[in-house]
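Biologist: Could you walk me through how the pieces of this fold sit together? I would like to begin with the helices and then move on to the sheet.

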Amino acid sequence: GGWSLGGRLALEAARLAPERVGRLIVIGGTPGFMQHDDWAEAQPASLLDTFMQAMAGDPRATLQRFVALLNQGDTKARAIGRELSRALLSSPLPPTTSLLTGLDWLRDVDLRQQIPHIACPTLLIHGENDPLMPLAAARCLADRLPRAQLAVFPGAAHAPFLNDPECFARLVGDFLHAA
């Protein structure tokens, strides 16, 4: 399983090694982050370009802005923002090159064509108000995955597991223990 960019990595792992993946969970993830002519359910290149330039200049400040962005539209945005900011301030940052590589992946990796080949049961968990990975993209992903179910967290943004951790834990537990 994975969250956001990690969800995309989990999708690719399930495609490349289906014999090793019995169930898949993707949280706030989509097969493609960047808009294309045939993929409007994503972000414009300008958003990523802005983040890449800012990350190269001041990674900590950029991550603080990212925390604010990922919570936009969440009913618990202030509490989640405080929690994530505290964690960010108390932890050493990864090397800037690693952060920029992650942004490169967001720009370059597009798994839309591979999605129909992922056959394992898949749980998609998405915030209703996700400003980074639009809910429309999650719905498209659910339609293209052969064995997917989509759970939408009302009032949640990009981190539904922080918006309602009890519901998230119950949902994941039920999915993993289903016959």
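**Helices and sheet**

Modeller: Keeping in mind that this is a predicted model, we can begin with helix H2 (residues 45-57) and H3, which pack at an angle of about 145° with their axes 6 Å apart.

Biologist: Which residues make the contact of H2 and H3?

Modeller: On the side of H2 the contact is made by Leu47, Phe51, Ala54, Met55 and Gly57, while H3 brings in Pro59, Thr62, Leu63, Arg65, Phe66 and Leu69.

Biologist: And how do those divide into nonpolar, polar and charged?

Modeller: The contact of H2 with H3 has 8 nonpolar residues, together with 2 polar and 1 charged.

Biologist: OK, what about H3 and H4, at what angle do their axes cross?

Modeller: The axes of helix H3 (residues 59-70) and helix H4 (residues 77-90) cross at roughly 160° and come within 9 Å. An angle over 145° counts as roughly antiparallel, and H3 and H4 are therefore roughly antiparallel to each other.

Biologist: Is that crossing left-handed or right-handed, and what makes the contact?

Modeller: The crossing of H3 and H4 is right-handed. From H3 the contact is made by Arg60, Leu63, Gln64, Val67 and Leu70, and from H4 by Gly81, Leu84, Ser85, Leu88 and Leu89. Sorted by class, these residues of H3 and H4 come to 6 nonpolar, 3 polar and 1 charged.

Biologist: Switching to the sheet, what is the order of the strands?

Modeller: The sheet is open and has 4 strands in the order E1-E2-E3-E4, with parallel pairing. Strand E1 (2-3) and strand E4 (148-153) each have a single partner strand, so they stand at the edges and one side of each is left without a neighbour in the sheet.

Biologist: How many bridges join E1 to E2?

Modeller: E1 and strand E2 (residues 24-27) run parallel and are joined by 2 bridges, and within this pairing Trp3 has Ile27 of E2 as its bridge partner.

Biologist: Then which helix packs on the sheet, and which strands does it touch?

Modeller: That is helix H6 (residues 135-144), which touches strand E3 (122-127) and E4, and whose direction makes about 170° with that of E3.

Biologist: And how many bridges are there between E3 and E4?

Modeller: E3 and E4 pair in the parallel sense over 6 bridges, and here His126 stands opposite Val152 in E4.

Biologist: Last one: what kind of unit do E3, H6 and E4 make?

Modeller: Taken together, E3, H6 and E4 make a β-α-β unit, and that unit is right-handed.

Methods:
Residues numbered from 1 in each chain as written. Predicted model: local features only at pLDDT ≥ 70, side-chain atom pairs only at ≥ 80, totals over all residues. Heavy atoms only, no water. Axes fitted to C-alpha atoms, helices over the stretch in contact; angles between N-to-C directions. Parallel < 35°, antiparallel > 145°, perpendicular 65-115°, else oblique. Left-handed = near helix turned anticlockwise from the far one by under 90°. Contact = heavy atoms within 4.5 Å. Nonpolar A, V, L, I, M, F, W, Y, C, P; charged D, E, K, R; others polar. Pairing = 2+ DSSP bridges. Right-handed = clockwise from strand over helix to strand, strands pointing away.
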